[in-house]
Amino acid sequence: MQKDQFFTRRRMILAGAAALGASAGTAGTILAGGAEKTPRRAAAPVPGPQARPALKGSAFRLRPLTGDGPPRAAPRRLKVRKEPILQISGRGRHMMLTFDDGPNPDYTPHILDTLAKYDVRAMFFVCGECVADDRDLVARMADEGHVVGNHTWTHPLLTTLNRKEIHSEMARTSDIIEDTCGERPQWFRAPYGAWNRAAFQLGAEMGMEPMAWTVDTTDWMEPGTDTIVDRVERGAAPGVVVLSHDAGGDRSQTVHAIREWLPHLIDSGYHLTVPRRRV
Ligand SMILES: [Zn+2]
């Protein structure tokens, strides 16, 4: 696929940016929570006309002009961080698995199957343009208890965009995730791990925490299944956030590797978890 090749080329150029994003500054942490087992709605119900709150004249003028859907609830504003979260905290041997750049019909279903086989929940940072192509897969993620995060619409290097462009990349993606899964994402990951002030500020305005990672499997370089397995197993430690990819190139090594390393981690006593949901 041309798009995959484009992703891969950009990754090769920007490999350093990802490493920088993962290692810069003090490690941020977030509390680990139990895996969510309650199935979510596949889509938000569309309220009838009587369900909409009456809008005052001034509020009406302030409504965004984009989209024809019902007005969206304002997200809870969060504290603006200066660094992304790099690991999770909590008692015991908790780790978190994250998969970026999907969904992709060739790879994502296999990863979901493996996670389901071991009753493990993970985070998927999806790109809006891929969601638009495979909404059923993203609905499946949410239905099976995984956390769906925002990874922008087209996977750009945010540090090359102006604030309005960054806003559009993030907001469109949150909108399609909400339309597909029934709720807005609470987590955001900058492509290539390349964050800037605007990304932190806009993420906080949209109610999303910035999530980076601790261990990069480097699966995007297609180093071989054994190398990917080795990187996860050597990197395993309490609080570690693992970065893998379910799209953006040939991810068959990722698919094969998780079938090996996931049961090994579980046998080693690790609990693969996702953060607690905010209410
Ligand atoms: Zn990415």
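**Exercise 1. Find where His-155 sits in this predicted model, and say whether it is buried or exposed.**

Solution. Begin with the place: His-155 belongs to the loop between β5 and α6. Next, count its surroundings. There are 24 C-beta neighbours inside 10 Å, and the cut-off for a buried residue is 20 or more, so His-155 counts as buried. Finally, look at the backbone: the phi of His-155 is positive, about 65°, although this residue is not a glycine. That is worth a second look, since most residues other than glycine have a negative phi.

**Exercise 2. Examine Thr-152 in the same way: which loop holds it, and what is its phi?**

Solution. Thr-152 lies in the loop between β5 (147-150) and α6 (163-181). Its phi is positive too, at about 75°, and Thr-152 is not a glycine either. To settle its burial, count again: Thr-152 has 25 C-beta neighbours inside 10 Å and therefore counts as buried.

**Exercise 3. Work out how strand β3 is enclosed, and which strands it is joined to.**

Solution. Step one is burial. Seven of the seven residues of β3 are buried, so the strand is largely enclosed by the rest of the structure.

Step two is to sort the residues by face. In a regular strand the side chains alternate between the two faces of the sheet. On one side of β3 you find His-94, Met-96, Thr-98 and Asp-100, and on the other Met-95, Leu-97 and Phe-99. Both faces are covered.

Step three is to list the strands joined to β3:

- β9 (residues 241-245) runs parallel to β3 and is joined to it by five bridges; Met-96 has Val-241 as its bridge partner there.
- β4 (residues 123-126) is also parallel, with three bridges to β3; here Thr-98 is partnered by Met-123.
- β10 (residues 271-272) is parallel as well, joined by two bridges; Met-95 stands opposite Leu-272.

**Exercise 4. Start from Val-126 and trace what surrounds it: which residues are in contact with it, beyond four places in sequence?**

Solution. First, list the contacts. Val-126 touches Gly-102, Pro-103, Val-131, Val-138, Val-148, His-151 and Ile-177.

Second, pick out Gly-102 and Pro-103. The peptide bond from Gly-102 to Pro-103 is cis, with omega near 5°. Most peptide bonds, by contrast, are trans. Pro-103 is found in the loop between β3 (94-100) and α3 (108-117).

Just after α5, Gly-145 has a positive phi of about 90°.

**Exercise 5. Decide where to read the model with care: over which residues does pLDDT stay under 50?**

Solution. Take the whole protein first: its mean pLDDT is 83, and 73% of its residues reach 70 or more. Then turn to residues 1-27, where pLDDT stays under 50 and the model has 35 contacts beyond four places in sequence. Residues 34-67 also have a pLDDT below 50, with 30 contacts beyond near neighbours in sequence.

Note on methods. Residues are numbered from 1 along each chain as its sequence is written. This is a predicted model: local features need pLDDT of at least 70, side-chain atom pairs count only at pLDDT 80 or more; totals for chains, interfaces and linings use all residues. Two residues are in contact if their C-beta atoms, placed from the backbone, lie within 7 Å. Helices (H or I, at least four residues) and strands (E, at least two) are DSSP runs, numbered from the N terminus. A residue is buried if 20 or more other C-beta atoms lie within 10 Å of its own, exposed if 12 or fewer, and partly exposed in between; C-beta atoms are placed from the backbone. Two strands pair if DSSP finds at least two bridges between them. pLDDT is the predictor's confidence in each residue, from 0 to 100.
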